[in-house]
Amino acid sequence: MKYNMIVVGVDGSPNSLAAVRWAAELAGVLQSRVLAVHALGLLEHLSPGDEPVPVEQHRQEIQDRLEQEWTAPLGSSAVAYDVELRYGPPVQALLQAAEDENADLIVVGTRGASGHSPIRLGSTSSQLTELSTRPVVVIPMPAGTP
Amino acid sequence: MIPILVLECATRTDLHFTGHGHPERAERVKAVQAGINRVGLGDSVVRGRGRPASRPELLRVHKEAYLDSLSAFIAGGGGDLDPDTHVSGGSWDAALWAAGSGLEAVEAFDRGDAASAFVVGRPPGHHATSGAAMGFCLLNNVAVTAAALAERGERVVIVDWDVHHGNGTQEIFWDDTRVLYVSTHEWPSYPGTGRPQEIGGPNALGLTINLPLPPGATGDVARFAIESVALPAAEKFGPTWVLISCGFDAHRDDPLAGLSWSAADYADLMTAVAPLAPAPGRLIAFLEGGYDLHALSLSAGAAVAAMAGQSYRPEPPTSGGPGWEQVKWWAELRKRAGIA
């Protein structure tokens with residue numbers, strides 16, 4: 001089986017960084033391309049207690065962090081990769097990105113930046129494993145992460 | 001004079017708690033009510049409570065499995081549906097009232113009790129797809145009314161001027177020849193849909209019209225888009241009903257988006273779109289977004305005053321922003337394609 005394209009969900013959390021690192025290693029072995037996707041929601045720029053950041057400024061800041069910090073393990077590898085900001089809930093954004101790229105695999109962390117939430121419909125990772133028609137790999141939290 | 005019916009759903013909207021600090025909050029309804037009161041429309045406005053949507057009414061637009069899972073999730077106490085969308089124990093009841101109150105307006109029109117209606121419900125609806133909640137939306141309020149009207153043989157135009165694209169409404173009526181969906185929205189922005197090339201399904205090509213506007217676009221560009229592209233298309237479609245997804249988050253003070261409209265722009269848009277309704281009792285506006293309470297209050301007052309044919313412009317209209325050239329291009333493109 002060929003793994004030409006791997007889509008990895010990215011949100012800047014330690015768990016997401018672990019997922020990016022794992023995807024980079026796998027892509028190096030399999031000679032796959034990687035697309036790192038971050039989903040922009042409606043609320044992300046409204047940090048509690050802070051003045052809201054203008055939407056366009058926030059978008060640029062996220063783009064910069066996506067390219068420079070959140071996908072650093074890809075940047076330091078020899079793997080061919082792209083980064084992409086998409087709008088919408090993470091589950092839909094990742095499923096659509098996988099569809100658009102005809103991805104062979106989706107990689108996410110178990111727990112994103114929004115942390116644990118007691119939801120029956122599930123976290124991004126559990127919803128993806130339920131809804132995706134493509135293989136999904138869920139990377140656990142690195143040992144020692146609070 | 002036949003009055004405007006304002007359906008407040010007020011006792012129910014409070015039941016939907018989205019969490020501390022969430023911009024989609026119960027105070028929005030109070031701001032809208034205060035804005036309408038401030039205009040002083042007197043007997044031109046009557047108020048009603050609205051009503052909940054029934055399950056068969058919801059099933060015209062939503063999948064049964066989705067309704068079951070959402071209602072069960074809420075009955076279990078709620079939580080986060082996605083990073084933006086939170087529900088509490090009372091959210092299902094609030095959502096049913098927001099979704100059903102447009103149908104109450106239709107019933108009031110059938111009795112001759114009102115000339116137009118404004119549904120002040122929350123949660124908003126236009127992001128809710130047939131099978132998923134997102135973007136603060138649980139049930140697609142405008143779609144529930146549009147589907148009911150379409151089922152009785154009406155031809156429905158939905159004009160959506162919320163700052164975000166109504167992906168849910170577009171999906172629900174994507175291939176439906178009975179409904180024309182027109183949206184102005186900021187681009188790029190949430191939820192990522194609403195490109196001009198999204199024009200409808202194979203049976204309904206041209207019945208979805210997307211008019212994305214660049215950040216900073218002012219009200220004059222939106223009016224131009226509506227007047228030069230949307231209105232000709234709508235007139236050609238020949239609506240018997242007009243529904244408006246009436247978000248107020250394109251206001252320049254809104255914290256969730258980057259367009260630069262003012263309250264007067266909403267009055268002007270309403271004045272431009274309302275005449276599409278072929279007779280009294282064929283126009284309903286539904287509250288969608290709008291998260292700066294002062295801007296929301298002024299804008300809602302201006303829009304409802306315009307529905308009543310009165311001029312209330314607490315801020316001057318805006319002009320001079322970007323986007324003119326692309327709107328001109330779309331209008332030209334539609335002419336060349338023979339779909340103008």
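Biologist: Is the crossing of H9(B) and H10(B) left-handed or right-handed?
Modeller: This is a predicted model, in which local features need pLDDT of at least 70 and side-chain atom pairs count only at pLDDT 80 or more, whereas totals for chains, interfaces and linings use all residues. Residues are numbered from 1 along each chain as its sequence is written, chains are lettered from A and ligands numbered from 1 in the order in which they are written, and side-chain values use heavy atoms, with hydrogens and water left out. With helices taken as DSSP runs of H or I, at least four residues, and strands as runs of E, at least two, numbered from the N terminus, and a crossing called left-handed if the near helix is turned anticlockwise from the far one by less than a right angle and right-handed if clockwise, the crossing of H9(B) and H10(B) is right-handed.

Biologist: How do H9(B) and H10(B) lie relative to each other?
Modeller: The axes of H9 (residues 263-273) and H10 (residues 293-307) of chain B come within 8 Å and cross at roughly 25 degrees, the axes being lines fitted to C-alpha atoms over the stretch in contact, with angles from 0 to 180 degrees between N-to-C directions. Because angles under 35 degrees count as roughly parallel, over 145 as roughly antiparallel, 65 to 115 as roughly perpendicular and the rest as oblique, H9(B) and H10(B) are roughly parallel.

Biologist: At about what angle do H4(A) and H5(A) pack?
Modeller: H4 (residues 90-101) and H5 (residues 124-131) of chain A have axes 9 Å apart, and H4(A) passes H5(A) in a right-handed crossing. The two are therefore oblique to each other, packing at an angle of about 45 degrees.

Biologist: Which residue has the cysteine sulfur nearest to that of B:Cys137?
Modeller: A search of the whole structure finds zero disulfides over all chains, a disulfide being a pair of cysteine sulfur atoms within 2.5 Å. B:Cys137 is in no disulfide, and the nearest cysteine sulfur, 14 Å away, is that of B:Cys246.
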